[in-house]
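Please look at the ligand site first, then at one strand and its partners. A brief report follows.

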Amino acid sequence: MPVAIVVGIQWGDEGKGKVVDYLTERASLVVRFQGGDNAGHTVVVEGHKTALQLIPSGILRPDCRCLLASGVVLNPFSLRDEIASLQAVDVEVSPERFGIAGEVQLILPYHRAIDAAREANRSGGKIGTTKKGIGPAYEDSVTRSGIRFCDLLNQPRLEELLARNLEFKNNYLKEVLGSDEQFEYQSLLDDLLKLADQFKPYLANVSAEVNSAIETDQYVMFEGAQGCLLDISHGTYPFVTSSNTVAGYACASAGFGPNRVDRVIGICKAYCTRVGGGPFPTEDHGEAGETLCKVGNEFGTVTGRPRRCGWLDVMAVKRAMRLNGVESLILTKLDVLSGFDKIKIGVSYTLNGEVLDDLPPSSDDIEKVEVVYEEVPGWKDDITKARSLEDLPAETRSFIARVEELTGCAVDGFSVGPDRAQTIISGEPVKQFAKV
Ligand code: GDP
């Protein structure tokens, strides 16, 4: 029953896509369980770069089937484009390779317009949404007015739901948000019916497939998007995404029991980044932050926005480990730390002079924490060619050992560059997923 959930344990962009790609060599199924096309993964295989937004990175493995579980929100127009761009580089996205749960909520053009109009109307404290309509689509799910993938495939139902939603959304856009974006029923319906024809073969019973794969001892991998600290319930609210990003949500979304999970693997950048607004205690506003951004190429895959950069934050990592049940860490982008004389690690926080044992629930308080740092020696060597722990300089190995000590978690792998070959899985509990 080899079931693993891979989650980002910071604010996203930890390099999950690349690690999932590496770990899916023997997986039969790779399942996305939350988020939408706001999440971008970049996977590089033998120098060849593929950008993925919605389709799990397992698609690059010819024997792997990829699924979108019910908790995902799906923009059918983006999916059409993503499938076309993958097929243009000879990555097959046939219904045998890719399936979509009927329960998946759709993101429609009015969701994007609402997202953009709301963000524009927010005077201060912009959340920094990607304006992809993710939040408004999740809202419709909760208010039970959403249009789901199964509705897209049922024309009379689609017509009824679309008419009802459009009347409300057009009115809301104009009267409440002051936007002049309006959507015309017939042209949107026609576009959707074309997509319905294209996507009908992809309809899948995700829960049945997942449970059957688990029962027959196949390897199943769940791929999280964004990061734990962006979780709608446990993250730095309101500067969070609209879904639960924690590992437990994989069960709820894909419809299988928590007793089936073998391992939760936490992907952790060797430093820390964040996109958009919100608290970021270990952010470095100086030269080091700029260097991390430049060397780490910290610009969003989807938005192109520069990411805020800073140091590894042990308090945040420990919180994420607890919230997810992480037992293995994979430290990514270690190569980006090469060249620093000293590397800082945020080890604890104080707030109003008191030492904290966790991040406070209020973002206002997190903004005010003071971070206690520890400095460890850096290294100058280029480590991008390292293929085992032994290939790393002593200082890099000490840094990894120190992360293990401070977090109390095994570092079962690390990566030293964007390529699949630059991912090194060193710990036995994770190795089983990595090699046939
Ligand atoms: P994800 O959303 O967590 O999958 O992360 P992204 O794909 O948005 O961001 C990770 C970026 O870092 C991608 O451009 C990767 O190609 C790149 N990357 C991943 N691992 C490494 C690494 O170990 N070193 C370097 N230099 N880049 C990496």
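## Ligand shell

The ligand has 18 residues around it, and the closest are Lys16, Gly17, His41, Asp335 and Ser415. This is a predicted model. By class, the shell holds eight polar, seven charged and three nonpolar residues.

Two elements, α1 (16-23) and β3 (41-45), each give at least two residues to the shell around the ligand. The largest share comes from α1, with three residues.

## Backbone contacts

Gly15 places a backbone N or O atom 2.8 Å from an oxygen atom of the ligand. Lys16 also has a backbone N or O atom 2.8 Å from a ligand oxygen. For Gly17, a polar backbone atom lies 2.8 Å from an oxygen atom of the ligand. On its own, the ligand has 580 Å² of accessible area, and the protein covers 91% of that.

## Strand β7

Is strand β7 (residues 98-101) covered on one face or on both faces? Both faces are covered. Phe98 and Ile100 are buried on one side. Gly99 and Ala101 are buried on the other. In a regular strand, side chains alternate between the two faces of the sheet.

## Partners of β7

Strand β5 (residues 65-68) runs parallel to β7, and three bridges join the two. Within this pairing, Leu67 stands opposite Gly99 of β7.

Strand β9 (residues 203-204) also runs parallel to β7, joined by two bridges. Here Ala101 has Ala204 of β9 as its bridge partner.

Key: Residues numbered from 1 in each chain as written. Predicted model: local features only at pLDDT ≥ 70, side-chain atom pairs only at ≥ 80, totals over all residues. Heavy atoms only, no water. Near = heavy atom within 4 Å. Polar contact = N/O pair within 3.5 Å; in protein donor to acceptor, adjacent residues only side chain to side chain. Areas by Shrake-Rupley, 256 points an atom, 1.4 Å probe, with all protein chains shown as cover. Helix = DSSP H or I, 4+ residues; strand = E, 2+ residues; numbered from the N terminus. Nonpolar A, V, L, I, M, F, W, Y, C, P; charged D, E, K, R; others polar. Buried < 20%, exposed > 50% of the residue type's maximum accessible area, 1.4 Å probe, protein only. Pairing = 2+ DSSP bridges.
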